Amino acid sequence: MGLLITRPEHDPGTRYLSRWSEKIIDEAVKKRVGVVDLNKTKAEQREFEGRVQKVNPKLVVLNGHGTDDMVMGHDNHPVVLDQNHALLKRRITYAVSCCSARVLGRKVADEESTYIGYVEDFVFMYDPKCVGKPFKDTRAARYLEPSNHIPIAILKGHTAKEASEGAKAMLKKHIIELLAKPSDPDTIQDIKTLWWNFSHQVCLGKEDHRL
Amino acid sequence: MNTASSEQEKELTDSEVRELVLARLSVLSPDTAMSIGNEGTFTRDDLIRHVKDGDPVGATIERMELEWLRAMKEGIVQQLS
C-alpha cells in the first residue's frame with residue numbers, strides 16, 4: 001500500500017494544486033502510508049514509470065494539465081498517456097486534470113481498477129492576493145478541499161465511490177451555503193463554477209475499491 | 001440569476017448567451033481570478049476578452065453559464081436544498 005503523487009509547479013494553477021496537495025501527503029504520513037512525491041521536474045513520464053514499477057503504489061494522485069487521453073506533468077510534458085496507461089491498472093487513480101476521464105480514464109477503469117477524474121476542465125476561482133500563501137485563500141478552499149477529500153478519504157479507508165461522493169457532498173454544501181448568501185456577482189460565479197466541477201467529476205471502474 | 005432567466009434559456013441565441021455572459025463577467029470584482037485547467041489562469045478582463053473572441057476559453061465560460069441555467073431550469077436549487 002502506498003501513495004504516488006505528481007505535483008508539477010510551473011504556473012499559478014499547478015502551484016495551487018501542488019501546495020494544497022501537501023495536505024494529502026500529510027494525511028498519508030499520518031496513516032504511515034509510504035509516499036512517492038514527484039514534485040516539480042520529477043513530475044515527468046520516465047520518473048513516473050520507474051517509480052510506479054518499483055514501488056507499486058495502490059493510490060495514484062495526478063495533478064497537472066490534461067487532455068482527453070493524457071495527463072501532463074511539469075512544463076506540460078506527458079506523464080500518463082495511451083502508451084503507459086496500463087501502469088494504472090489495479091490501482092485507484094485520482095486525476096485533478098482536465099478532461100482525462102473522457103478517454104484515458106475509461107481505458108484505465110475496469111473491474112479491478114478505479115479512475116476518479118473529470119470529463120471537463122477542472123476549474124477553480126482564487127484570490128490573486130493569496131498566490132504566495134494559497135492555504136489562506138478561502139475562495140480557492142471551496143474547490144480544493146473537496147478535491148483533496150477524495151484521496152484523503154481513500155487514505156482513511158473509504159471506498160473510491162464513498163470518497164467521490166463525499167467530495168460531491170462537500171461541493172453541494174458550499175453551493176447551498178452560497179445560495180443562501182446575498183447574491184453578489186462573485187458569489188454567483190462561484191456557484192456556477194462549483195456546480196461545473198460537481199457535474200463533471202466521475203468515478204469510473206471498481207467503485208468499491210479501497211486501500 | 002433568477003428563475004425568469006432560466007426559463008428564457010431555450011430562447012437564447014448564441015449571441016444572446018455571449019451578451020449575457022459578458023454582462024455577468026463585467027460585474028465581477030476586478031481581482032477575480034479563475035484557473036481553467038489546461039487553458040491557464042485568467043483575470044476578469046482576460047475572461048471578457050476570451051468570450052468576445054469566441055475562443056476555447058470563452059466557449060468554456062459560456063458552457064458553464066448554460067449548464068447552470070439548465071440546472072436552474074430543472075429545479076436544482078430545490079433539489080440541493
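The buried residues of helix 5 of chain A are covered by elements that include strand 7, strand 8, helix 4 (138-155), helix 6 (185-200) and strand 10 (201-205) of chain A, together with helix 5 of chain B. Helices (H or I, at least four residues) and strands (E, at least two) are DSSP runs, numbered from the N terminus, and a residue is called buried if 20 or more other C-beta atoms lie within 10 Å of its own, exposed if 12 or fewer, and partly exposed in between, with C-beta atoms placed from the backbone. The model is a predicted one, in which local features need pLDDT of at least 70 and side-chain atom pairs count only at pLDDT 80 or more, whereas totals for chains, interfaces and linings use all residues. Residues are numbered from 1 along each chain as its sequence is written, and chains are lettered from A and ligands numbered from 1 in the order in which they are written.

Helix 5 of chain A (residues 160-179) has 20 residues and reaches 29 Å from its first C-alpha to its last, close to the 28 Å expected at 1.5 Å a residue, where the expected span is 1.5 Å times one less than the number of residues. Its buried residues are A:A160, A:A163, A:S164, A:A167, A:M170, A:L171, A:H174 and A:I175. Seen down the helix axis, these buried residues fall within an arc of 135 degrees, so they line one face of helix 5 of chain A; the arc is that of the directions from the axis to the C-beta atoms.

Strand 7 of chain A (residues 92-96), one of the elements covering this helix, is itself mostly covered, with 5 of its 5 residues buried. In a regular strand the side chains alternate between the two faces of the sheet. Here A:I92, A:Y94 and A:V96 point one way, and A:T93 and A:A95 the other. Strand 7 pairs in the parallel sense with strand 3 (residues 59-63) of chain A over 5 bridges, pairing being assigned if DSSP finds at least two bridges between two strands, and A:N63 stands opposite A:V96. Strand 7 is also joined by 3 bridges to strand 8 (residues 114-118) of chain A, with the two running parallel, and A:T93 stands opposite A:Y115.

Between the chains, 25 residues of chain B are in contact with 31 residues of chain A, contact meaning that C-beta atoms, placed from the backbone, lie within 7 Å. Helix 4 of chain B gives the most to the side of chain B that touches chain A, with 6 residues. Strand 9 (residues 123-126) of chain A and strand 1 of chain B run antiparallel and are joined by 4 bridges, A:M125 having B:M34 as its bridge partner.

Technical notes
Contact = placed C-beta atoms within 7 Å.
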